[in-house]
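Student: I am new to this structure. Please take me through it.

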Amino acid sequence: MASHRWLNVAAVVMLSGLCIQVAFAQQICDACSCQISAIDNPQAIYTLDLICNSGSITWFGADGAIRLELKPLFQGPSRACFLVSSDNSQVKVSQEIALSRNYKLHQIETKVLTKNASNEEFCISSPTPESLHLFIESFVQHYLHSVPKIEIFYDIEKLDSSMSTVYDECKPCTKEEVLDAYCSMDYVIIASLNDVKQKSDSSMSTLTMSVKQIIHQREPEMFHRERRSDQYLTGHITVPTQCGIHSSPGDFLITGRKRLQSLTLKCAMTLREWRQVQQFTECSHDVKPR
């Protein structure tokens with residue numbers, strides 16, 4: 001079980017028999033994610049250090065800033081992507097780049113990544129395995145009387161030097177890649193493809209799948225039954241539109257991972273092809289009932 005770090009700070013000043021609350025804040029974190037409640041202590045700057053490849057930050061009463069350091073669990077070139085949503089607040093995200101080896105001296109260059117992030121995905125690529133430093137600022141819309149809230153989801157992937165364009169990401173997986181994905185991905189299913197729709201104002205498309213068998217899912221409820229009368233569960237998988245995926249008959253082995261609150265595709269193979277290589281798998285999954 002991941003250890004939790006609790007921060008619960010309260011200061012009280014007694015003056016002329018009156019009890020005055022000066023500041024109150026609560027911060028609950030594990031290695032990957034944090035929840036911050038700062039409704040009674042606006043304009044604070046929080047320092048967060050997360051050692052993980054994916055996670056989230058939920059900030060209630062968001063007013064002030066977060067200085068965030070992300071450390072991936074692998075070495076080599078990486079791409080970090082973020083999805084930010086906000087209620088009653090505008091968000092500015094900047095990358096802090098150290099100009100010397102000692103980051104604590106704050107000899108840094110600031111690069112603005114987005115000035116008003118709201119349900120917007122943005123990515124940063126890095127050729128080195130160094131930590132990523134972000135400065136996240138919240139600007140509360142004071143004419144609104146609701147509590148501001150910001151959610152930040154992050155995902156860091158190791159870059160394969162052989163994949164330089166979106167078309168490389170669309171290449172069919174080899175037999176070895178399918179076998180590796182079967183053992184390492186967040187979900188493995190047998191499904192048929194019902195529909196393909198392009199997302200508005202996006203370079204991504206959504207595949208609607210009829211899930212006939214869940215072989216493995218790392219988290220519960222990745223797939224659901226849209227109507228009680230439906231024979232199969234439904235799954236929605238995000239892929240680059242440029243991959244040109246179209247509706248196709250038949251059943252497929254589908255593998256992928258959960259990334260920034262969406263399911264993504266890693267490898268797919270017709271069920272007939274999968275039956276021919278299934279014997280070479282080096283892992284086993286407890287098959288989930290429908």
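Tutor: Start with a term: buried means under 20% relative accessible area, exposed over 50%, and partly exposed in between (1.4 Å probe, protein chains only). This is a predicted model, where local features need pLDDT of at least 70, side-chain atom pairs count only at pLDDT 80 or more, and totals for chains, interfaces and linings use all residues. Residues are numbered from 1 along each chain as its sequence is written, and side-chain values use heavy atoms, with hydrogens and water left out.

Student: Is Phe60 buried, exposed or partly exposed?

Tutor: Phe60 sits in strand E5, residues 54–60 (strands are DSSP runs of at least two residues, helices, H or I, of at least four, numbered from the N terminus). Its relative accessible area is 31%, so Phe60 is partly exposed.

Student: What kind of pair do the rings of Tyr187 and Phe223 make?

Tutor: Rings of Phe, Tyr and Trp (its six-membered ring) pair if their centres lie within 6.5 Å; planes under 30 degrees apart are stacked, over 60 edge-to-face, the rest tilted. Four aromatic pairs are counted by this rule. For Tyr187 and Phe223, the centres are 5.6 Å apart and the planes at 80 degrees, so the pair is edge-to-face.

Student: How many residues apart in sequence are the parts that this pair ties together?

Tutor: Tyr187 lies in strand E13. Phe223 lies in the loop between strands E14 and E15, so the parts tied together are 36 residues apart.

Student: Is the disulfide of Cys170 and Cys243 left-handed or right-handed?

Tutor: A disulfide is a pair of cysteine sulfur atoms within 2.5 Å. In Cys170 and Cys243 the sulfurs are 1.8 Å apart. The torsion about their S-S bond is about -75 degrees, so the disulfide is left-handed.
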